[in-house]
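I've got a new model open and my notebook next to it. Here is what I looked up, entry by entry.

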Amino acid sequence: MTTTDTDTTSGPATDPPAIETHQLVKVFGTNRAVDGIDLRVPAGTVYGVLGPNGAGKTTAVRMLATLLRPDGGEARVFGKDVVRDADAVRARVSLTGQYASVDEDLTGAENLLLLGRLLGHGKAAARQRAAELLEAFGLADAAGRQVKNYSGGMRRRIDIAASILNTPDLLFLDEPTTGLDPRSRNQVWDIVRAVVAQGTTVLLTTQYLDEADQLAARIAVIDHGKVIAEGTKGELKASVGSGSVHVRLREAGQRPAAERVLTSVLDATVTLDPDPVALTATVDGRASELGAAEEAARALAELARAGIAVDNFALGQPSLDEVFLALTDRRTGDGRDGAGPDGRGPDGGGPDGGDGTRVDDPTERTTAR
Amino acid sequence: MSTSTTTKASGPAEDTAFTAPRAEDLAALLVSARRPPRPSALSASLTFGWRAMLKIKHVPEQLFDVTAFPIMMVLMYTYLFGGALAGSVDRYVQFLLPGILTMSVVMITMYTGVAVNTDIQKGVFDRFRTLPIWRPAPMVGYLLGDVVRYVIASVVMLAVGMAIGYRPEGGVLGVLAGVALLLVFCFAFSWIWTMFGLLLRTEKSVMGVSMMVIFPLTFLSNVFVDPRTMPGWLQAFVNNSPVTHVASAVRRLMAGEWPAADIAWSLGWAALFVVVFGTVTMRLYNRK
């Protein structure tokens, strides 16, 4: 709330961020699909927007891609307003939607040819470009078939090929792997990485945490049209405050003793795994990661001193799944205060330290920025 | 059920051969890509027109409504009314054919709305709408594609008409002039349907509304009979209907006359349709 303006005043000196939104709102009837979203996506990165179905991800992307008009707030793409300067925005972005954004009645080659012509290529150039893309995406053999006869993975690839026909500066990928088998999903991920390596910024929406984990540098978690957490993967994981220590004992009989030791040393909740020799302690991850490791080492030493034989020992970071569930639970649990502005964690530790100047409504953010 | 499965009979093609996108190839592609200047309004519209042609190529059945339907119209009305209204089929077809041509082609325009409506539901429209091109181009492209359909319908009907005894006094030039005027009018008139196509939610409702508009508009005209036998209030409507003006203009052009007033009225209506419904269409298109 205080200062999105700091970003604009620093404008002339530095390039504007790929995406910058301020209190973006979209209302459908009584449903506030997007309810005051602030985002800042630095150019040249993959930014993940993570949320369950109906959280407002697609609506937000459609506003940023000039397909929907915001009902409130503002959004700029490379410094251009998505409403007033829509054409300038369109010249720099492309969108691969949740549903194939290609014409299913046409063949793969025809689709790319059509787009090539619409993007201003001459006939010969468009034809050549189409052939190159089909080849690179492994679709040369399917070039003459109608897209409706393509498999899910092939559709995604022709769709992404269409999106990079003219290399966009910003690529929106709206749930690019929903409904794909694991192999096709990996192919899409590889393509995304290759595109990003060439300097394109990618805004990726997904409901799969591992997808965000795999691809995105920074992640915004949204739910009910609001950003409930934002940061790097590490920051998000740290913010949830749990790392876990997994211990496997040599003898099941020593488990009660081990449980007592871990509880007292780590001051943590210890859960007994279904496996009779295993147990898991949750460490307060809001302490730094180094601290968690040290504490775990101390616990291990204590176990040895108590004469408990340890077969296997592992220190795990919380998965994004845990982060996500913790964040969404917190909101549904007791209103919106959640963990509150805990202020801890690697403040401004992200790639752009300038981010630290932005202070948002603390009730909205559960993570340290 | 069996039909829906047969369309997929060829099946989602397997792509087991594709292991991973070759990152170096992809990188080279992305780097080499230069951004050409944006295409002109005309070029973009023609490209969308080409898309409509491709769709006809892939789904030729959709030409049914511009071939079988017009033939049916000509034969049905000529033989149904010919004897009663003009004494003989031969004489009636001279009067009816230009009119039924006008009526049929105007009726065929309503498929535009259905096409727009089904298309807009699909993701491809999102892509079109995020392209930095002249905004009306996709819509104009539809209508250009439809003009080709109208030409086919006109040729079919004239051929059938000639076969059953229609002899246009205006010769080739008169017929061409008549068809040209009809095409211009239909291109303009179709903007009503693009509007409904964008406005209404389902294909069925588009069809329903289209029927409500098209039937009174085409039947309440001078296509079948001279309006002088109608009651006064109906004459007032019929004489001022755009379809009447176009039908009269086409009829007299094909008869070798130069109906300046009717041509002017037809073009005036056409301009009005484009201005009003074209504007509304683009507003809806931008807001969708």
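Entry 1: I started with helix H2 (residues 57–64) of chain A: 8 of its 8 residues are buried, so it is largely enclosed by the rest of the structure. My note on terms: helices (H or I, at least four residues) and strands (E, at least two) are DSSP runs, numbered from the N terminus. Buried means that 20 or more other C-beta atoms lie within 10 Å of a residue's own, exposed means 12 or fewer, partly exposed is in between, and the C-beta atoms are placed from the backbone. I jotted down some of the buried names in H2(A), including Lys57(A), Arg62(A) and Leu64(A). After H2(A) comes Thr66(A), with a positive phi near 70 degrees.

**Ground rules.** This is a predicted model, where local features need pLDDT of at least 70 and side-chain atom pairs count only at pLDDT 80 or more, while totals for chains, interfaces and linings use all residues. Residues are numbered from 1 along each chain as its sequence is written, and chains are lettered from A and ligands numbered from 1 in the order in which they are written.

Entry 2: Which strands does H2(A) lie across? I found S1, S2 and S4 of chain A, with H2(A) running at about 120 degrees to S1(A). Contact here means C-beta atoms, placed from the backbone, within 7 Å; axes are lines fitted to C-alpha atoms, for helices over the stretch in contact, and angles run from 0 to 180 degrees between N-to-C directions. Those strands belong to an open sheet of 4 strands, ordered S2-S1-S4-S5 (chain A), with antiparallel pairing. Strands pair if DSSP finds at least two bridges between them. Strand S2 (31–41) and strand S5 (80–81) of chain A are at the edges with a single partner strand each, so one side of each has no neighbour in the sheet. I counted 5 bridges between strand S1 (residues 19–28) and strand S4 (residues 72–77) of chain A, and I saw Glu20(A) opposite Arg76(A) in S4(A).

**Entry 3: the other sheet.** I then traced an open sheet of 6 strands in the order S6-S7-S8-S3-S9-S10 (chain A), with mixed pairing. Its edge strands are S6 (93–96) and S10 (226–232) of chain A, and the twist averages 15 degrees from one strand to the next. In chain A, strand S3 (residues 46–50) and strand S9 (residues 218–223) run parallel, joined by 4 bridges. I found Tyr47(A) opposite Arg218(A) in S9(A). Helix H7 (residues 182–197) of chain A lies across S3, S7 and S8, at about 150 degrees to S8(A).

**Entry 4: the cores.** Which residues touch the most other members of the largest nonpolar core? They are Leu64(A), Leu112(A) and Leu203(A), out of 149 residues. Such a core is a set of buried Ala, Val, Leu, Ile, Met, Phe, Trp, Tyr and Cys residues joined through C-beta atoms within 7 Å. Helix H5 (residues 89–108) of chain B supplies the largest share, 12 residues. Beyond its neighbours within four places in sequence, Leu203(A) is in contact with residues including Tyr47(A), Val61(A) and Phe172(A).

**Entry 5: where the chains meet.** How many residues does each chain bring to the contact? Chain A brings 50 residues and chain B brings 41 residues. On the side of chain A that touches chain B, H7(A) gives the most, with 6 residues.

Conventions:
Two residues are in contact if their C-beta atoms, placed from the backbone, lie within 7 Å.
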